[in-house]
Every structure is written in C-alpha cells, then in structure tokens.
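Student: Could we go through this structure together? I would like to start with its charged pairs.

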Amino acid sequence: MTTTASEFTVSLPIADRQRAADFYREAFGFEPVGTPTEDGLPEPLQYRLAGRTLLALIPSDGLDWVLGSRQLAPVAVSECLLGLTLDTAHNVDALVDRVRHAGGEVITAPEQQEWGYTAICADPDGHAWQITAEREGPL
C-alpha cells in the first residue's frame, strides 16, 4: 500500500516568531504563506520550500504540547540536518553571508568537499542547515 501525501511539512521549534520570520526572510529569502494574524505573521508560521513541501516554525511550548510525553531536543542539539542545494559556489558564499548577517551561526565555513562546495549554518534557534553547490567537474 502506498501513502500519497498532499503536502509534506517539516516542523521546527522556535523561541520567537518575529525573530525566526526575520531570519528566514533576510537569510533565505523565504516569505511566509497564509493569512497574517494580529502580529503580522500567519499562524502557523510556514514557508513553501518547493512543490508540496512546507517548513513550519512552531513556538517551542506549542510543539512540546503536540509531542505530549516526548521531550523536545535541548537547544543546540540537532535532531536533523536540513539541506539546501544551490547552483553555484558563489551562491553558497552569498547565502552564508546572509545567514551571518541575519543572526545565524556559521558552523562550518564554505569549503570544497568530494560531493560539492558546502557549508553548515544554523538559524537563531540552532537548527542546522547544510548549504551545498554540486561539484562541477573533477577536484
């Protein structure tokens, strides 16, 4: 039996909705989807990443409630690594600069690896992102 999903959502806990929204707009250029509420942001705070994939940023206490007896990972503990592939090394460098400027952390500076040009960054809530440009030609 195959399950067909209409959408796929990755939900991450956050400390502050406005700070998270500002970071993802400034660093990644993401715009929230949905009707804004009284704070000017949609509830839930979501971004369409591609096709049927959404990134939802949920206040930690709300996500903790949803998970019930399962604890959230402590701050700065990464349970997953989100990946974003860009077309050029220059675009990786530019995104890493925007992450830094927007209040994120550069965990590993951009460098050429066997699989491509890559960097690891984190958003203000500590969620890790691997930013990669596919390798062009031999090393």
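Predicted model: local features only at pLDDT ≥ 70, side-chain atom pairs only at ≥ 80, totals over all residues.

Student: How many salt bridges does the structure hold?

Tutor: There are six salt bridges. The term means a side-chain nitrogen of Lys or Arg within 4 Å of a carboxyl oxygen of Asp or Glu.

Student: Why do such side chains pair at all?

Tutor: Side chains of opposite charge can pair when their charged atoms come close.

Student: What about R17 and E43, then: how far apart are the N and O?

Tutor: The salt bridge between R17 and E43 has an N to O distance of 2.8 Å. The two are 26 residues apart and link distant parts of the chain: R17 is in helix α1 (residues 17–28), while E43 is in the loop between β2 (32–33) and β3 (45–50). Helices (H or I, at least four residues) and strands (E, at least two) are DSSP runs, numbered from the N terminus.

Student: Are they buried or exposed?

Tutor: R17 counts as buried because its relative accessibility is 15%, whereas E43 counts as exposed at 52%. Buried means under 20% relative accessible area, exposed over 50%, and partly exposed in between (1.4 Å probe, protein chains only).

Student: Which residues are linked with R17 in a network?

Tutor: D39 and E43 are linked with R17 in a network of salt bridges.

Student: And which residue does D125 pair with?

Tutor: D125 forms a salt bridge with R19, and their closest N and O atoms are 3.0 Å apart. D125 lies in the loop between β7 (116–122) and β8 (128–134) and R19 in helix α1, so the pair ties together parts 106 residues apart in sequence. D125 is buried at 12% relative accessibility, and R19 is partly exposed at 35%.

Student: New topic: where is A56 found?

Tutor: A56 is in strand β4 (residues 53–59). A56 counts as buried because its relative accessibility is 3%.

Student: What is A56 in contact with, leaving aside its neighbours within four places in sequence?

Tutor: With those neighbours left aside, A56 is in contact with T9, V10, S11, L12, L45 and Q46. Contact means heavy atoms within 4.5 Å.

Key:
Residues numbered from 1 in each chain as written. Heavy atoms only, no water.
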